[in-house]
Amino acid sequence: MKSAYITVVGSMPVKFDLSQARKLGPIIGSSNNNKSVIFDFATVNTELNLQDMLNTEVFQQTNILTPENLYKKYLFFDQLSALPNFPGLKSFDIEQEKCSPQTLSLLLSVYLQKKVIFLLGYDISNPTELTRLKSIILANPDIKFMYICNPPRTYQLDDMPNGYCDTYIKFQELIDREK
Amino acid sequence: MKNNIVYKYSLKLRWPATCRNRSVEILKERPDLIDTMNNFRSKIDNILKIVCRKSFQVDGAHSMTGVRLWFQSGQDAYEFIIRQPEFDWEIVPEISVINNITSQLQTYNIVYTPTGVVID
């Protein structure tokens with residue numbers, strides 16, 4: 001059955017069993033930051049990290065997505081695909097080649113049209129990252145963005161009508177309910 | 001459920017010079033050309049069996065320029081391209097790849113350099 005959920009793992013370390021998150025739906029990894037689980041998708045936009053991922057066992061089953069300029073150099077690797085042209089990138093002032101991999105993962109999750117996007121280990125301490133996250137949340141009012149963190153919860157997304165924040169405990173409870 | 005093979009990579013191999021750009025009418029009148037084309041197809045099939053580690057397919061649809069080949073693995077497609085001089089045939093310098101996310105067939109140019117093959 002097609003899942004309504006998708007999980008984006010950002011660039012921060014995550015102290016949570018990510019294989020649990022798979023029970024809810026696909027997981028997107030951001031570059032080679034996390035090698036603890038087999039991701040369904042992973043995004044990367046630097047050559048060094050891409051080479052590392054292509055040579056890492058855990059990414060052999062992962063659909064790795066990269067900007068087209070980098071994709072052309074490694075086209076003959078089966079697990080690699082070019083990132084699609086995300087709508088509205090210019091208005092967000094985002095360049096696929098220069099933004100963070102977690103932003104690419106977020107854009108991919110939106111592109112895959114799931115109803116709820118869980119953000120784990122997503123770095124919002126950087127103001128640019130937070131602004132981009134908020135812009136993407138605002139541009140997609142039909143999607144719920146659930147930022148998962150350790151207590152105390154952040155209030156950074158409280159001004160977003162479709163942006164929520166919850167703890168890993170609540171996230172685990174949701175996984176258990178959905179089993 | 002049946003495990004379907006996805007042929008992600010596609011190349012086109014030109015027909016032998018005598019068979020290119022032939023209309024259907026000419027082909028009907030020239031069984032020798034049809035024989036050459038059929039022999040060419042079986043030769044390709046035999047060589048692909050040697051070169052490829054994963055699945056491949058020789059497209060049955062007729063094209064005036066050549067035969068379309070489908071590869072499950074990019075590594076096989078690369079091997080086929082670089083061993084071109086060994087078999088003395090000519091690949092159309094384009095590679096088509098199915099994007100796993102968009103399911104679109106994207107085509108890139110193959111550029112031959114003294115040190116190998118690059119994609120543009």
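Me: What does helix α3 (residues 74-82) of chain B lie across, and how does the helix run relative to β1(B)?

Reply: Helix α3 of chain B lies across β1, β2, β3, β4, β5 (105-113) and β6 of chain B, running at about 20° to β1(B). This is a predicted model, in which local features need pLDDT of at least 70 and side-chain atom pairs count only at pLDDT 80 or more, while totals for chains, interfaces and linings use all residues. Residues are numbered from 1 along each chain as its sequence is written, and chains are lettered from A and ligands numbered from 1 in the order in which they are written. Helices (H or I, at least four residues) and strands (E, at least two) are DSSP runs, numbered from the N terminus. The angle lies on a scale from 0 to 180 degrees between N-to-C directions, with axes fitted as lines to C-alpha atoms, for helices over the stretch in contact. Helix α2 (residues 31-51) of chain B lies across β1, β2 and β3 (66-71) of chain B, and runs at about 175° to β2(B).

Me: Why are β2 (56-58) and β6 (116-119) of chain B called edge strands?

Reply: The sheet is open, with six strands in the order β2-β3-β1-β4-β5-β6 (chain B) and antiparallel pairing; β2 and β6 of chain B each pair on one side only, hence the name. Pairing requires that DSSP finds at least two bridges between two strands. Strand β1 (residues 9-14) and strand β4 (residues 94-98) of chain B, which run antiparallel, are joined by two bridges, so they meet that threshold.

Me: What makes β6(A) mostly covered?

Reply: Four of the five residues of β6(A) are buried, a class that requires 20 or more other C-beta atoms within 10 Å of a residue's own, whereas 12 or fewer make a residue exposed and values in between partly exposed, with C-beta atoms placed from the backbone. Across chain A, buried residues make up 39% of the 179 residues.

Me: Which residues touch the most other members of the largest nonpolar core?

Reply: They are A:V8, A:I28, A:A42, A:F118 and A:L119, in a core of 56 residues. Such a core is a set of buried Ala, Val, Leu, Ile, Met, Phe, Trp, Tyr and Cys residues joined through C-beta atoms within 7 Å.

Me: Why does the radius of gyration of chain A agree with a compact globule?

Reply: For 179 residues a compact globule would have a radius near 16 Å, and chain A has 15 Å, so the two agree. The radius is taken over C-alpha atoms, and the globule rule is 2.2 Å times the number of residues to the power 0.38.

Me: How many residues of chain A are in contact with chain B?

Reply: Ten, written 10 in the count, are in contact with 15 residues of chain B, where contact means that the C-beta atoms of two residues, placed from the backbone, lie within 7 Å.
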